[in-house]
Amino acid sequence: MIIDILSWILLLGGGLLGIIGGIGMHWFPDVYSRQHAAGTTDTLCAMLILLGLALQAGFSLVTFKLALIFIFLLFTNPTASHALANAAMQGGLRPQLERTAGGDNP
Amino acid sequence: MIEVFIDIILLSFIAVTAVAILRMTNLFAIIMLFGIFSFLSASLFAVMDAVDVAFTEAAVGAGISTVLMLATIALTKTQKEKVSVSHRHWLPLSVVIVTGAVLVYGTLDLPAFGDPEAPAQTHVAPYYIDKAVEETGLPNMVTSVLASYRGFDTLGEVVVVFTAGVAVLLLLGGKHRISDTGTNEIEKNEHSLILRVVAKFLIPLIIVFALYVQFHGDFGPGGGFQAGVILSAAIILYTLVFGLDAAERVIPPSILRILASLGVLIYTGVGIVTILLGGNYLNYSVLGDSKVAGQHLGILLVELGVGIAVFAVLLVIFLTFAGRGRP
Amino acid sequence: MMQGHLCILLVVIPLFAAPIAAILPRGRLPWAAALIVTSVCFVLAGMQLWSVVQDGVVSYELGGWAPPWGIEYRIDAVNAFMALIVSGIAAVTLPYALLSAEKEIPEHLIPLFYSAFLLCFTGLLGITLTGDIFNVFVFLEISSLSSYALISLGRKRQALTSAYQYLIMGTLGATFFLIGVGLIYSQTGTLNMVDLAARLPQVSSLNTIHTGFAFIITGIALKLALFPLHLWLPNAYTYAPSVITLFLSATATKVAVYVMLRILFSVFPSDFVSTTPTGDLFLLSGIAGIISASVYAIYQVDVKRLLAYSSVAQIGYIALGIGFASFTSLTATLVHLFNHALMKGALFMAIGSIIYRVGKCHMDSIHGLGRQMPWTFGAIIVGGFSLIGVPGTAGFISKWYLVLTAIEQDSWISVVVILVGSLLAAVYIGKLIEALYFKPAVDSNPAVNEVPFSMLAPTWILVLANIYFGLNTELTVGVAEHAIRVLGVTAE
Amino acid sequence: MMDFIIGHYNYWVSIFLMMVGFYAVISRGNLVKKIIGMNVFQVSVFLLYISISTVEQGSAPIFTEGVELYSNPLPHVLILTAIVVGVATTALGLALVVRIKEAYGTIEEDEIHELDHTL
């Protein structure tokens, strides 16, 4: 019962973070801050959901697979964000340091 | 009930993505959306219990196709689609509406979605469900139908992949006539330490996973095709991080070409061996002491052929695309 | 021991050779491999036809699984005849291909070129021999993908765009076919053609079946270049390398026609064509195709394009034959398939020879060449006469049968259309002959000789076949009548 | 009526998707976009097939103890083949696009037409 409640808290928390990340993607002005929104929340979102699912599954083969996915995401998600930002930087895109009137990326 | 709910949500997501693909003009965004479209379709396949299909669609649609499309827009240096005003839109639109109407008319008689009594479920399919496990000794019915009952289709499928490889080499394999294609993104990027370290950590894992998919395909979702795609993805990742020259040092293109041919030859060869042993083409039962053992061996061998051919061909295609932009 | 495996060997031998050809060294080795393979296949196809005509239908269970659970190869007189046409044309194309391809294809691509050629050949044979409707789709894609690549090898840049155009149209066609197969499967639960034929009559009144039927037919019609879905064909034939134009024009559309016949008359209940408007649509498409494509052909300045439009017109005659759906008309269709393969093969070979010598085949640039290349010119004359339907050539036989049917069915419009079509053919062939022989030679053209024997011999084999089958109709008409009876259509 | 809609919406949505893809192929002039449209078209056809194969309450066609109802494995196999055919076509189409760009300098159908006719 407690495990059930705990897992639902984790799942809902993960979902909430996902939504926040999505809003951030639209809200922020330029590539880098958008990426910040997507990258950070997404990593945690996926992890919370995986933990929640693992609690639901109990101790089984499924949990092991979930753990593998967890480790995989732990490595790839931040690296992907890094690669994206790196590519944008090399592509010549400068971070926008002040908020313009439109709030949109030029 | 929950499945219907997920089904409807996914379908609406897919529909929105498709319309967005149609309406957008930025090609890069369209390709990304297409990747999303593929992933959503793969999820939907999984919800509809087609796990093997979901696996393949995720690997192909969201993986290989997307990579190739990105390579194409990098090579053609085209970011935006030009939408001309002069185009007459009523003709395509009316063709599409008529076609769609005919199709909807055709579905009115179809049995309801998920009906276990539908003709599709009651004629040929029950045989596979009842007998496949016993006759081939594999729990995954998709694998046994794929590699044994309809093994000839799968041979055709491998040949289609091989044909694509030959075709891409014919088109892009030669010397370039135009030299101003510029420097390639893949060559130019000097990747940071983080990427190199993480890639070195990930690539062996991906290769292990590919092998798992290859040999576990009899018991779970997966098989030669998916394994080939994943294995080639590992090398593609290597190419992206360490550069084309390094990748070609690891696997020279000439070896890849031989591997591609070898994969097809293994598959056709197994069939020829079965003829020589007195069976029909691709009748694996004659390969082993017992029928089931023969089936098992045959399926293992042809899946291996599929894996090798798909891996080599997809990699050849990718490297040919990537090499086209080399200065 | 191999006797029972004949039909599968027909497909497996080129299938096995294709990947090997791809890794052979440059030079003439890949060509030799392809030549041996196609010749062997031709012999095997001949044996297969003989055994089928003697002993009746052969059923081969692939993988040892009984149909409808496994895939079945089912050979009767119709597809054995088709396999013979395809492998025969391939076998005469290859000796011709050696020099022509060396001239038109970059040297380092030669192994891949022959590999793709063999794949295309495999695909066409696979479509022909299979008794499983999904298997048709798979082999259709093998032949299509390889032909897109082969067409794109033409030397002009338009070859690329026409290959692309063909790719889009061809894939749409294949996808339509796939949709149709899915719909039919959803109501019958089977993919085996014989099993489908047994189960379709019970469900043939359902909307789903009608829609599936329409989609399958539209899909094949796109591949077939049936008017008005022919738009890809003239470009593809014009810009492809000569060898490929010759091979595809003589085989690819023919195989598509075969699939159409198979679906219409042996998979679907035989009254399906007459009770639905299908037959009328075919007649309409045939009439429009013959007239418009022939008129177009007259105005072409590129000889290859002229012949390509003439191909569209010839497909119109075939559509007429299908539309009448009677015993005589279908016999005429099958005979015309064979004859058209012979005459277009001969004509495109002759044009290829001109391109081999002069490098182009524009109407203005071939003036006077007929006098310098008498043998090639002779081939064009005979091939052209056959195309027009002059008595004594193969083309006359099929048109004669077609006219007979049209009169039988009181369709005077069709009679007039066939005659007008022949007249228009006479006009464009006349234009060609005039340019070749009666116009003074262009000064800028250097004096040229006849092409080498290895190109001339295959051309003349086809030319002589045109004459032989125009005089001796027993073989073609006999086999065709037998085949049509096998399809389930009998003379009233 | 409601039952009928619930029983068929899957087919209808996949038909809608097919038509979106089909429209993109025949109405757009950008060669890459046409190929993407074609992919959308094909994936939607796959959806139709898999919808046909689904059995309510069925499970994935991998033998498991105690499971009675499986979904139909045959369309799965067909679609696996079709997916592979799809990617092969896509690769070939894109290779053609790259070559067309090299030969013409553009991948817009209208501009290619103009280039061909002004010569």
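This is a predicted model: local features need pLDDT of at least 70, side-chain atom pairs count only at pLDDT 80 or more; totals for chains, interfaces and linings use all residues.
**Which chains touch**

There are 4 pairs of chains in contact, and chains B and D share the most contacts. Two other pairs do not meet. No contact joins chain A and chain C, and their closest C-alpha atoms lie 32 Å apart. Chain A and chain D also lack a contact, with their closest C-alpha atoms 15 Å apart.

Two interfaces are set out below.

| Interface | Residues in contact | Buried area | Share on carbon and sulfur atoms | Salt bridges | Residue pairs in polar contact |
|---|---|---|---|---|---|
| Chain D and chain B | 75 residues from chain D, 96 residues from chain B | about 7800 Å² | 75% | 1 salt bridge | 20 residue pairs |
| Chain C and chain D | 27 residues from chain C, 36 residues from chain D | about 2800 Å² | 82% | 0 salt bridges | 5 residue pairs |

**Chain D against chain B**

Start with the area. Chain D and chain B bury about 7800 Å² between them. On the chain D side, D:Tyr23, D:Leu80 and D:Glu102 lose the most area to chain B. Together these three residues account for 8% of what that side buries.

The partners are B:Arg324 and D:Glu102, whose side chains meet at 2.6 Å, N to O. D:Glu102 is also one of the three residues of chain D that lose the most area to chain B.

Which helices of chain D each supply at least two residues of the side that touches chain B? They are helix 1 (2-27), helix 2 (31-53), helix 3 (73-104) and helix 4 (109-118). Helix 3 of chain D gives the most to this side, with 25 residues. By class, the side of chain D that touches chain B has 49 nonpolar, 17 polar and 9 charged residues.

**Chain C against chain D**

Here the buried area is about 2800 Å², with 82% of it on carbon and sulfur atoms. Three residues of chain C stand out. C:Arg157, C:Leu160 and C:Tyr164 supply 25% of the area that chain C buries against chain D, more than any other three residues.

Helix 5 (133-151) and helix 6 (158-188) of chain C each supply at least two residues of the side that touches chain D. Which helix of chain C gives the most to that side? Helix 6 of chain C does, with 18 residues. By class, the side of chain C that touches chain D has 18 nonpolar, 7 polar and 2 charged residues.

**A helix pair within chain B**

Helix 7 (residues 141-149) and helix 14 (residues 291-324) of chain B pack at an angle of about 85 degrees. Their axes are 10 Å apart. The angle makes helix 7 of chain B roughly perpendicular to helix 14 of chain B.

Helix 7 of chain B makes the contact through B:Thr143, B:Ser144, B:Leu146, B:Ala147 and B:Ser148. Helix 14 of chain B answers with B:Gln295, B:Ile299, B:Val302 and B:Glu303. By class, this contact has 4 nonpolar, 4 polar and 1 charged residues.

**Backbone features of chain C**

Most residues other than glycine have a negative phi, and most peptide bonds are trans. Chain C holds exceptions.

The peptide bond from C:Pro67 to C:Pro68 is cis, with omega near 0 degrees. C:Pro68 lies in the loop between strand 1 (58-61) and strand 2 (72-75) of chain C.

The peptide bond from C:Phe227 to C:Pro228 is cis too, with omega near 0 degrees. Where does C:Pro228 lie? C:Pro228 is in the loop between helix 8 (207-224) and helix 9 (232-239) of chain C.

C:Ala225 is found in the loop between helix 8 and helix 9 of chain C as well. C:Ala225 has a positive phi of about 60 degrees, although it is not a glycine.

How values were computed:
Residues are numbered from 1 along each chain as its sequence is written. Chains are lettered from A and ligands numbered from 1 in the order in which they are written. Side-chain values use heavy atoms; hydrogens and water are left out. Axes are lines fitted to C-alpha atoms, for helices over the stretch in contact, and angles run from 0 to 180 degrees between N-to-C directions. Helices (H or I, at least four residues) and strands (E, at least two) are DSSP runs, numbered from the N terminus. Angles under 35 degrees count as roughly parallel, over 145 as roughly antiparallel, 65 to 115 as roughly perpendicular and the rest as oblique. Contact means heavy atoms within 4.5 Å. Ala, Val, Leu, Ile, Met, Phe, Trp, Tyr, Cys and Pro count as nonpolar, Asp, Glu, Lys and Arg as charged, and the others, Gly among them, as polar. Buried area is the accessible area (1.4 Å probe) that two parts lose on being put together, summed over both. A salt bridge is a side-chain nitrogen of Lys or Arg within 4 Å of a carboxyl oxygen of Asp or Glu. A polar contact is a pair of N or O atoms within 3.5 Å; within protein, one must be able to donate a hydrogen and the other to accept it, and residues adjacent in sequence count only if both atoms are side-chain atoms.
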